[in-house]
Amino acid sequence: MTKPPRAKVEPENPFAQDVAVQIPGPTTLVIFGASGDLAARKLLPAVYNLLLAGLLPQRLRVIGVSRDEHLDAFRKRTREALETYSRTELTEESWAALEPKLEFVYGDFTDPKMFEELAAQISEGDADEPMQRVFYLAVAPSFFGTIAKGLHSVGLGRDADPPTRLLVEKPFGHDLDSALELNAELSEAFDESQIFRIDHYLGKETVQNVQVLRFANGILEPVWNRRYVEQVQITVAEDIGIGHRASYYESSGALRDVVQNHAMQLVALTAMEPPVRFDADTIRDEKVKLLRSVRRYEASEVPDYVVRGQYARGWVGGEEVPGYLEEEGVAPDSRTETFVAMRVEIDNWRWAGTPFYVRAGKRLPRRVTEIAIRFRPVPHLPFAPTDQTGDVEPNELVLAVQPDEGASLRIVAKVPGQTMNVRPVQMEFSYGESFLSASPEAYERLLHDALRGDATLFTRADEVEEEWKVVDPILESWASGPPPTPYEAGSQGPADADELLAARGRAWRGI
């Protein structure tokens, strides 16, 4: 008698265990700039996916603030945003659960009456039990101070009861002086513990995993220093151009847009000392200490350590694309950089003499963000390198931040056969394969943390100021220096960037 086929049993994944769910308390989330692109693409989908995952409280209110819409229009636009941008499908059942939680306040951010109406509407919903209030400023930085003062004027800022939090997007300042001024302006209305400055890169799984890899694995931390690490390369590459963001990008450029915040945060997380506790202030204390040890270049030194470029017409992904100066809204004589490469020197005991090479740019061959730690070569080979032996390449650990999150370690192994032939091989870890689930969007993690009051993944005032202290001399040098070097779209960037490494016998990883 033939036995029936045995049902296939999926092997248990030891990494895919449920973790304790932490749900914020009853919350009123107010989104200033609710009709804007950021709200549609990131914030509203984040709210929806958190609600769908059971990570938001039952008592939740989402109040949109804008002068472009009314309640019905806000709800309609929210539904369209979820249908277009949410990583999970919108169903009638889930929409029915979210729609009643959406409210709206019409008004101008500069009108004191609008803040009075907002405060009254918030209070009406808090009649039975006070709810925490979280204000998300998805608006231009020029409104940050105005909105903070307006909230404080109606009792929703410092010393508010129940407590409030203020979430602000980058860019945080245009230079050091403006960042100091903005910090002072916000601190008049809110305590520093209430201010959550968002850098969405810090919400990515791999960025958070840098600390876990370092501090939870005994084989890595002992070699994470100048004695064993020969160099570190941090790449933030995009294949797209500026799109319709010319007005913003012309006043920003790659240095302010990416290097001052994203790249410097990646440097800090990669190079910081081990925190004694995994809490917000302890971790941020260590990041600030690291940023203070980053060498500040004199304006005269900048040309030797920093390269800037600007993309010209070329080919990306088999399509011919215009140069930066041909983009709509860009001045024909613009000196705005779309590419930056720099050598970062960290003057402390752990890293002195080990360079961190940072590059960021647009219209490069592909979109990729990664941290590559290249270890020093072995001091001696017991067998002489020959044509048969092949190349013995140094070990390299690559942390992929986007688009495919994971990590890989390059080691050297013998090729099967009778001769001593070796070649590099990769040991790889992928989030999708190891945990059998999609990573949440960065904004989901950051928004959830903010609602819970966990500031670990948000930048503190002194972090922002230290980042600007690194960048300001570069901006000063460029103000009177030559224009950026053109590079063909789809290339690896300007040839000048190669010279930063070639002088020391090194080369960039291919993008």
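**Helix packing, cavities and backbone features**

The model is a predicted one, in which local features need pLDDT of at least 70, side-chain atom pairs count only at pLDDT 80 or more, and totals for chains, interfaces and linings use all residues. Residues are numbered from 1 along each chain as its sequence is written, and side-chain values use heavy atoms, with hydrogens and water left out. Helices (H or I, at least four residues) and strands (E, at least two) are DSSP runs numbered from the N terminus.

Two packed helices are described by the angle between their axes and the distance between the axes. For α9 (residues 280–293) and α13 (residues 461–480), the axes come within 9 Å and cross at roughly 15 degrees. That angle makes α9 roughly parallel to α13; angles under 35 degrees count as roughly parallel, over 145 as roughly antiparallel, 65 to 115 as roughly perpendicular and the rest as oblique. Axes here are lines fitted to C-alpha atoms, for helices over the stretch in contact, and angles run from 0 to 180 degrees between N-to-C directions. On the α9 side, Arg284, Lys287, Val288, Leu291 and Arg292 meet Asp462, Glu463, Glu466, Glu467 and Val470 of α13, where contact means heavy atoms within 4.5 Å. By class, this contact holds three nonpolar, no polar and seven charged residues. Ala, Val, Leu, Ile, Met, Phe, Trp, Tyr, Cys and Pro count as nonpolar, Asp, Glu, Lys and Arg as charged, and the others, Gly among them, as polar.

Helix α9 also packs with α8, and here the axes come within 9 Å and cross at roughly 110 degrees. The two helices α8 and α9 are therefore roughly perpendicular to each other. From α8, the contact takes in Met264, Gln265, Val267, Ala268, Leu269 and Ala271, and from α9 it takes in Lys287, Leu290 and Leu291. These residues divide into seven nonpolar, one polar and one charged.

A further helix pair is formed by α1 (residues 37–52) and α12 (residues 442–452), whose axes come within 9 Å and cross at roughly 65 degrees. That angle makes α1 roughly perpendicular to α12, and α1 passes α12 in a right-handed crossing. Leu38, Lys42, Leu43, Ala46, Val47, Asn49 and Leu50 of α1 make the contact with Tyr443, Glu444, Leu447 and His448 of α12. Seven nonpolar, two polar and two charged residues take part in this contact.

Three cavities of 30 Å³ or more are present in the structure. On a 1 Å grid over the protein atoms alone, a cavity is a set of points where a 1.4 Å probe fits but cannot get out, and lining residues have an atom within 4 Å of a point. Grid points are joined across faces, edges and corners, and a volume is the space filled by probe spheres set on the points. The largest cavity has a volume of about 120 Å³. It is lined by 13 residues, of which Lys170, Phe172, Ile198, Asn261 and Thr459 are the closest to its centre. Two or more lining residues come from each of α8 (246–271) and α13. The lining of the largest cavity comprises five nonpolar, three polar and five charged residues.

The second largest cavity has a volume of about 60 Å³. Its lining consists of Leu202, Val207, Gln208, Gln211, Leu269, Ile283, Lys287, Thr456 and Leu457. The elements that give two or more residues to this lining are α7 (205–215) and α9, with the largest share, three residues, coming from α7. By class, the lining of the second largest cavity has five nonpolar, three polar and one charged residues.

The peptide bond from Lys170 to Pro171 is cis, with omega near 5 degrees, and Pro171 sits in the loop between β5 (164–168) and α6 (176–189). The bond from Gln402 to Pro403 is likewise cis, with omega near 0 degrees; Pro403 lies in the loop between β14 (396–402) and β15 (406–414). Asp159, a residue other than glycine, has a positive phi near 65 degrees and is found in the loop between α5 (144–153) and β5.

Notes. On a 1 Å grid over the protein atoms alone, a cavity is a set of points where a 1.4 Å probe fits but cannot get out, and a pocket is an open set with protein on both sides within 12 Å along at least five of seven lines; lining residues have an atom within 4 Å of a point. A crossing is left-handed if the near helix is turned anticlockwise from the far one by less than a right angle, and right-handed if clockwise.
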